[in-house]
Amino acid sequence: MKKKNIYVSTVALIDWQGKVLISLRSRNKILPNFWEFPGGKIKTNESPDDAIVREIKEELSLNIEKKSLRPISFNTYTYDQFHAIIFFYICRNWNGSPLSKKNHQIIWTEIDKLKRYKFLPGSNKFILELNDLFKK
């Protein structure tokens, strides 16, 4: 049986100290207890960057302008339930302070410490790419 394709946009929000925001998926979601970059599913007729702007506002109460998004990479990963096509961005400018509207745990961490967290497998490529981009 062919698996459903899910299109997702994610973003590394990087603050002035070079720390990146990550969140822990809740126990009641599919693929629980994994860390992830903020973002979510792309809606029908929505562009990947429009999805980031919408999702970050919905999830974290932050306002992002599309011109602040820098596309970095994409990845595909086949999970047991679906096939994910993931677009990955970096953003260093936004308005507001992050507040998890869905009560997910959110933390700021150094980019070189991301490997210590158990991320969704489809995001591991992005952790390596961030480390390459921001080597000290």
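Predicted model: local features only at pLDDT ≥ 70, side-chain atom pairs only at ≥ 80, totals over all residues.
Residues are numbered from 1 along each chain as its sequence is written, and side-chain values use heavy atoms, with hydrogens and water left out.

Let's start with the open space. On a 1 Å grid over the protein atoms alone, a pocket is an open set of points with protein on both sides within 12 Å along at least five of seven lines, a cavity is a set where a 1.4 Å probe fits but cannot get out, and lining residues have an atom within 4 Å of a point. Points are joined across faces, edges and corners, and a volume is the space filled by probe spheres set on them.

The largest pocket comes to about 460 Å³. Its lining has 21 residues, and Val 8, Arg 25, Glu 36, Gly 40 and Lys 41 lie nearest the centre. Strands S1 (4-13), S4 (39-41) and S6 (82-91), plus helix H1 (48-60), each give at least two residues to that lining; helices (H or I, at least four residues) and strands (E, at least two) are DSSP runs numbered from the N terminus.

What about enclosed space? The search of the whole structure turns up 1 cavity of 30 Å³ or more. The largest cavity has a volume of about 50 Å³, and its lining includes Ser 23, Glu 59 and His 104.

Now the rings. Rings of Phe, Tyr and Trp (its six-membered ring) pair if their centres lie within 6.5 Å, and planes under 30 degrees apart are stacked, over 60 edge-to-face and the rest tilted. That rule gives 7 aromatic pairs. Tyr 79 and Phe 82 make a tilted one, 5.2 Å centre to centre with 40 degrees between the planes. Phe 88 and Phe 126 are stacked, at 4.4 Å and 10 degrees. Phe 88 sits in strand S6 and Phe 126 in helix H2 (residues 124-133), so this pair ties together parts 38 residues apart in sequence. Phe 88 is buried at 0% relative accessible area, where buried means under 20%, exposed over 50% and partly exposed in between, with a 1.4 Å probe and protein chains only. Phe 126 is also buried, at 0%. Phe 37, Phe 88, Phe 119 and Phe 126 form one aromatic cluster.
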